[in-house]
Amino acid sequence: MLRLWSLGTRSARPRCRAFHTTVVSNATAEAESSTASSSTWTPNSVRTGLIARKRGMTVMWDDHGVRFPVTVLQLENCQVTANIKTVRADQSEYHAVQVAASDKPERTTTKQMLGHFRRAGVAPKRIVKEFPVTPDAHVPVGTTLSAIHFVPGQFVDVIAKSIGKGFQGTMKRWNFKGLRASHGVSISHRSAGAIGAHQDPGRVWPGKKMAGRLGGERITTQNLAVVRVDSDLDLIYVRGCVPGVDDAQVMVRDAKKKMTQLAQHNSAKGLFEKILPKGLTGLPFPAGTKELAQALPPVIVAPSARVSNPFVPRE
């Protein structure tokens, strides 16, 4: 499991809008033709992410018997629908891989999206997202992605819409201490207190922390460890909690801080043994596919990060 995977490089294309048919078809042709010449993951590579469903939380035990919480994420026929390249006004290039997941009936899909999915050769999907990548990380259109895309032991960021909690007060929304529980406070123990200033400035400053609607926002939970991958059921077990309700669609990508930026930083400093987390030598590149999953064990579990047994007394 801890080895390098590969896909080829890409050539330049003329300037076009991102979702123009020419751009998508050209990007697809280049991604497919690049498979002939293999390339491997480098510290400067940025891979695509995946779309998964949050199935809920459970617990696991590590090698020492320590119990820890995990969130189970499941892929639902996650496929690549387009490769995107846009040339900006400053002549810099934007590269992205468009991913779709969760099949839906054709009768509930608009004709525009039906045509888009038909050109990609995939079934209609409920959710379509794109992930910025480097030019060498494009994936052929129609590729079915697997949970093996993420290696146990690496770190990921999970992006989703947080649970909406409605209109909440300042204590719940902003962790205000509230007023005193006794001695001079009557029926105002959880109120916000004074919000204004004196005659100067004579107004409430914009951005003042007050009561209001809480939750229901796009949240990114960073640096969650992948502890287990089940390629048969397309399950990804991440340590900790992720935003969103159960069965919500979430986006999972390589952690920007603990994977992408740290790899680039250590590579520039020559610390090649610290480019990836301990125990990893590479990542599936440009993506973990169903074909790759068939060549690997169905269930892969990351070893415990603990050095010593916490239940054994220290000498």
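Analyst: **The largest cavity and what surrounds it**

The residues lining the largest cavity split into five nonpolar, two polar and two charged. (Nonpolar means Ala, Val, Leu, Ile, Met, Phe, Trp, Tyr, Cys or Pro; charged means Asp, Glu, Lys or Arg; the rest, Gly included, are polar.) Keep in mind that this is a predicted model, where local features need pLDDT of at least 70 and side-chain atom pairs pLDDT 80 or more, while totals for chains, interfaces and linings use all residues. Numbering starts from 1 along each chain as its sequence is written, and side-chain values use heavy atoms, with hydrogens and water left out.

A cavity here is a set of points, on a 1 Å grid over the protein atoms alone, where a 1.4 Å probe fits but can't get out; a pocket is an open set with protein on both sides within 12 Å along at least five of seven lines, and lining residues have an atom within 4 Å of a point. That rule gives two cavities of 30 Å³ or more. The largest cavity holds about 60 Å³ of space, a volume being what probe spheres on the points fill, with points joined across faces, edges and corners.

So who sits around it? One group in the lining is Trp41, Ser45, Val46 and Arg47, and then come Asp254, Met259, Thr260, Ala263 and Leu283. Helix H4, residues 256-268, gives the most to this lining, with three residues. (Helices are DSSP runs of H or I with at least four residues, strands are E runs of at least two, and both are numbered from the N terminus.)

Step past H4 and you reach the loop between H4 and helix H5 (290-294), where Pro286 lies. The peptide bond from Phe285 to Pro286 is cis, with omega near 0°. A cis bond also joins Asp200 and Pro201, with omega about 15°. Pro201 is in the loop between H3 and E8. Ile195 lies in that loop between helix H3 (170-174) and strand E8 (212-214) too. Ile195 counts as partly exposed because its relative accessibility is 34%; buried means under 20%, exposed over 50%, and partly exposed in between, with a 1.4 Å probe and protein chains only.

Now for the open space. The largest pocket holds about 630 Å³. Its lining has 26 residues, and the closest to its centre are Gly153, Ala302, Pro303, Ser304 and Ala305. Strands E1 (50-61), E9 (218-230) and E12 (299-301) are the elements giving two or more residues to the lining. E9 has the largest share, three residues. By class, the pocket lining counts 18 nonpolar, three polar and five charged residues.

In E9 you'll find Asn223, whose phi is near 60°, a positive value in a residue other than glycine. Asn223 is partly exposed, because its relative accessibility is 25%. Over in E12 is Val299, which at 35% relative accessible area is partly exposed as well. Val299 and Leu235 are 64 residues apart in sequence, yet 9.3 Å apart in space, C-alpha to C-alpha.

One last stop: His116, in helix H2 (residues 111-120). His116 counts as buried, because its relative accessibility is 14%. Between His116 and Ala82 there are 9.0 Å in space, C-alpha to C-alpha, and 34 residues in sequence.
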